[in-house]
Amino acid sequence: MANDLNDLDKIKVKIGKNIAKYRTKAGLSQLKLSLMVESDEIYISHLEHGRRIPSISMAYKISKALKVELYELFK
């Protein structure tokens, strides 16, 4: 069970790093991205630092805002 949590933490960190990478590449601030996906800056920060994991619908909105394929956030 502890191993499962460790795997989930790794996934959250991976997704967060990818969001940050593509957001930076797009020249967007966390605030700008949050406005584009109808969220808030703190939520985007939590995602990027691996403290939260986005729902599929939020991941989809983020991928569209960043102009990347959804799967790119999970690579």
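This briefing describes the helices, the nonpolar core, the salt bridges and some surface and backbone features of one predicted model. Because the model is predicted, local features need pLDDT of at least 70 and side-chain atom pairs count only at pLDDT 80 or more, while totals for chains, interfaces and linings use all residues. Residues are numbered from 1 along each chain as its sequence is written, and side-chain values use heavy atoms, with hydrogens and water left out. The largest nonpolar core has 16 residues, and a search of the whole structure finds four salt bridges.

**Nonpolar core**

- The core described here is a set of buried Ala, Val, Leu, Ile, Met, Phe, Trp, Tyr and Cys residues joined through side-chain atoms within 4.5 Å, where buried means under 20% relative accessible area, exposed means over 50%, and partly exposed lies in between (1.4 Å probe, protein chains only).
- In the largest core, the residues with the most contacts inside it are I19, L33, V37, I44, I62, L66 and L73.
- Two or more residues of this core come from each of α1 (2-25), α3 and α4 (56-66), and α4 gives the most, with five residues; helices are DSSP runs of H or I with at least four residues, strands are runs of E with at least two, and both are numbered from the N terminus.
- Contact means heavy atoms within 4.5 Å, and L66, leaving aside its neighbours within four places in sequence, is in contact with I19, Y22, R23, A26, L28 and L33.

**Helix α3 and its ends**

- Helix α3 covers residues 41-48, and its buried residues include Y43, I44, S45, L47 and E48.
- At the start of α3, a side-chain oxygen of D40 reaches to within 3.1 Å of the backbone nitrogen of I42; a polar contact is a pair of N or O atoms within 3.5 Å, of which, within protein, one must be able to donate a hydrogen and the other to accept it, and residues adjacent in sequence count only if both atoms are side-chain atoms.
- E48 has a relative accessible area of 10% and is therefore buried, and, not counting residues up to four places away in sequence, E48 touches G16, K17, I19, A20, R23 and Q30.
- After α3 comes G50, whose phi is positive, near 75°.

**Salt bridges**

- A salt bridge is a side-chain nitrogen of Lys or Arg within 4 Å of a carboxyl oxygen of Asp or Glu, and side chains of opposite charge can pair when their charged atoms come close.
- D9 forms a salt bridge with K12, the closest N and O atoms being 3.7 Å apart; both residues lie in helix α1, three residues apart, about one turn of the helix.
- Within that pair, D9 is partly exposed at 39% relative accessible area, whereas K12 is buried at 16%.
- E38 is exposed, with a relative accessible area of 68%, while K61 counts as partly exposed at 37%.
- K75 and E72 also meet through their side chains in a salt bridge (3.6 Å, N to O), in which K75 is exposed at 55% relative accessible area and E72 is buried at 15%.

**Surface and backbone**

- L8, I11 and I53 form a nonpolar patch on the surface, with about 240 Å² of accessible area together; patches are made of residues with over 30% relative accessible area and no salt bridge, like charges being joined within 9 Å and nonpolar side chains (Val, Leu, Ile, Met, Phe, Trp, Tyr) within 5 Å, and accessible areas come from the Shrake-Rupley method with a 1.4 Å probe, where for residues only the protein chains shown count as cover.
- I11 is found in helix α1 and is partly exposed, with a relative accessible area of 43%; the C-alpha atoms of I11 and F74, 63 residues apart along the chain, are separated by 7.7 Å.
- K32, in helix α2 (residues 30-36), is partly exposed at 44% relative accessibility, and its C-alpha atom is separated by 22 Å from that of Y71, 39 residues apart along the chain.
- Positive phi in a residue other than glycine occurs at E38, near 55°, and at K67, near 60°.
- K67 is found in the segment after α4 and is exposed, with a relative accessible area of 77%.
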